[in-house]
Amino acid sequence: MENLKKTKLDKKMDIIKKKEEAGLLVNKSQNRALRRFLNNRLAVIGLIIFTIILLATIFAPIICKYSPQRIDMLNRLLPPSSEHIFGTDKIGRDVFARILYGGRVSIFVGVGSALGAAIIGVLIGSYAGYKGGLIDKIFMRISEIMMSFPQIVLVLLIVSIVGQSLWNLIVIFILTGWGSIYRMTRAKILSIREEEYVLALKAFGLNDIIICYKHMLPNALGPVLINITLSTAMFILQEAALSFLGLGVPLNISTWGNILNVAQDISVLRENWWIWLPTGSVISIFVLSVNFIGDGLRDSLDPTQQG
Amino acid sequence: MISYTIRRILVLIPTLLIITFLVFLGLELTPGDAVSYMVSPDALANISQESLEQLRDSLGLNDPFIVRYFKWIREVLKGDFGYSLSSGVPISEIVFDRLPATLELSIAALLISTFLGSILGIVSALKKGSVVDNILTFFGMIGVSIPQFFFGLVAILIFSLRLGWLPVGGRLLPGHKAFLDTLPYLVLPSLVLGLTMTAGVMRYARGSMLDALNKEYVRTARSKGLPEWRVKLIHGLRVALSPIIVLIGFRLPMLIGGSVVIEQIFQWPGIGREFVAAVRFQNTPLVMMIALLFVLAMLISSILIDLFIAMLDPRIRLE
């Protein structure tokens, strides 16, 4: 037996065995989802772009010497130059500064609304899914009614009643956006409810709230995380569209959509491309990076979704 | 099938009642006198205080809330939506005036996204994992990430302002009536709206085709020795196509949301543009009625989809 020739497979096995004994493999297999995410090239690129843009908006004062509010009537509608990378707008404000500072607000609106909607949706959804009964029926009906409106129509409808402001917009986004996360969490919890460990916990006489939020919810968080990323992308696009129409964030606050607002004017559209083209591109690239991250998360957390 | 249809419609009634109730509540909460949108402004122009009170009484404005709500529903069912606050024109007239333009744009965009999306999605599924598949998937991602209005602005800049091939916006020059006259105006907005919806259809078509190709009868067809193209196109495609048709209905919210934005940039005189204008001028009666129409359209299409699915798959009817 000793001198039996080792096959290729045996050699491979030996290498794996050695690694295992040296304790190298244990570390690697610890977080499968994270490793799968990092193996997804597009997701990593998305994460890098996302981080760069986010940091650029946070450290805007270091990157750009102009204030987004500074009006300079002598330097109106300047094309891009080394002084003003993306030129200046109709009242002489530096477009690059506005994109950086506007990004703060736009990203805040997007991420904040998505998180707010997720918190409400998850809290209600997991409890309603777990308990069922009347609470479940009521919230199901409410979300059904919310979802029978096309989202942008519902948002505009509420804007026309309560008026425009930054916080109004975030609250409206949360109010109109929690439905989808609620339904998803509820469905996930419904399927977990049938598992044996839940029965066991019940048999131990554990409190409903503890079973629901401490033991069941963590198992439903994967899809929630994906949903948060995708709805961040959606809210950023919606804020941009609403502000572009002049119905989102009030015009005195710079946001990505508000910078684009002037492009409704045909002469700006034709002559002053530097005001709207870079801004629109930044929105597209940022949303694309968020979508890449969301797709990467979906592939790494939920293998059944892979096409 | 008939009992399923009836059940499906009955389920809708409570939803409809609640939505109309909310719309009515919104109208009630509007600052200002309800008479101003219930009666044509011509009739209100030279009215004395006394006869105004009489008018309020005869309109039932002094009735309890619930009574007024049901009276209002009766009027809406009769097609009387009240009057626009800004122009004084009956809302039903505004809607019927704007509807053809919106339908024209929506149908064109639906056709574009259905054809392009299903063809690209099926190609992508047949060549799964290839370069073509990856490129298409990548473009699909870009498609859902670009703001619709930004895409529209770039299209206007390139094709209307720089190249001068197509008009910047609007629908018809005064005096023109035929469809051929609108065609150049229709091209850009419908392409922009259609292309932004293509990504979703493509993704769905790809999944649906892959699903169909993994079914047993496809393997059976292959084991019979049929040529590969026959297996894929005849056995796979036929089954894959029916869910794609269903997807037309699911695109309605996107279509409505998209038309709100697209009509604005292209100055397309449709309902979406009227809606934005009404929101801007806080013309609440008009906002509410247009929103109600959008919701009705969504609910009706969801019923039609359900019926269509039930027609294809008899198991659903028995539930």
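**View 1. Helix 14 of chain A packs against helix 7 of chain B.** In this predicted model, helix 14 of chain A and helix 7 (residues 131-145) of chain B pack at about 120°, with their axes 8 Å apart. Helices here are DSSP runs of H or I, at least four residues long, and strands are runs of E, at least two, both numbered from the N terminus. Axes are lines fitted to C-alpha atoms, for helices over the stretch in contact, and angles run from 0 to 180 degrees between N-to-C directions. The crossing of the two is right-handed, where right-handed says the near helix is turned clockwise from the far one by less than a right angle, and left-handed says anticlockwise. On one side of the contact sit A:S284, A:V287, A:L288 and A:N291 of helix 14 of chain A, and on the other B:M141, B:I142, B:V144 and B:S145 of helix 7 of chain B. Contact is a C-beta test: two residues count if those atoms, placed from the backbone, lie within 7 Å. By class, this contact has 5 nonpolar, 3 polar and no charged residues, with Ala, Val, Leu, Ile, Met, Phe, Trp, Tyr, Cys and Pro as nonpolar, Asp, Glu, Lys and Arg as charged, and the others, Gly among them, as polar.

A word on conventions: residues are numbered from 1 along each chain as its sequence is written, while chains are lettered from A and ligands numbered from 1 in the order in which they are written. Local features need pLDDT of at least 70 and side-chain atom pairs count only at pLDDT 80 or more, but totals for chains, interfaces and linings use all residues.

**View 2. Helix 14 of chain A, end to end.** This helix covers residues 273-301, and its 29 residues should span 42 Å at 1.5 Å a residue; the end C-alpha atoms are 41 Å apart, which agrees. The expected span is 1.5 Å times one less than the number of residues. Helix 14 of chain A is mostly covered, with 22 of its 29 residues buried. Buried takes 20 or more other C-beta atoms within 10 Å of the residue's own, exposed takes 12 or fewer, and partly exposed is in between, with C-beta atoms placed from the backbone.

**View 3. The side of chain A that touches chain B.** Chain A brings 34 residues to the contact and chain B brings 39. On the chain A side, the elements giving two or more residues are helix 7 (133-147), helix 8 (151-162), helix 11 (208-244), helix 13 (266-271) and helix 14. Helix 8 of chain A supplies the largest share of that side, 8 residues. Sorted by class, the chain A side has 24 nonpolar, 8 polar and 2 charged residues.

**View 4. Helix 8 of chain A and what surrounds it.** Of the 12 residues in helix 8 of chain A, 10 are buried, among them A:Q151, A:I152, A:L156 and A:S160. The buried residues pack against helix 7, helix 9 (166-193) and helix 11 of chain A, and also against helix 12, helix 13 (271-280) and helix 14 of chain B. Length checks out too: 12 residues should span 16 Å, and the end C-alpha atoms of helix 8 of chain A are 17 Å apart, which agrees. After the helix comes A:G163, with a positive phi near 90°.

**View 5. Helix 12 against helix 14 in chain B.** The axes of helix 12 (residues 252-265) and helix 14 (residues 284-312) of chain B come within 10 Å and cross at roughly 160°. The two helices of chain B are therefore roughly antiparallel, and helix 12 of chain B passes helix 14 of chain B in a right-handed crossing. The contact pairs B:L252, B:P253 and B:I256 of helix 12 of chain B with B:F294, B:A297, B:M298 and B:S301 of helix 14 of chain B. Its residues divide into 6 nonpolar, 1 polar and no charged.

**View 6. A loop residue with positive phi.** Most residues other than glycine have a negative phi. B:Q267 is not a glycine, yet its phi is positive, about 50°. B:Q267 lies in the loop between helix 12 and helix 13 of chain B, and counts as partly exposed with 15 C-beta neighbours inside 10 Å.

Definitions and conventions. Angles under 35 degrees count as roughly parallel, over 145 as roughly antiparallel, 65 to 115 as roughly perpendicular and the rest as oblique.
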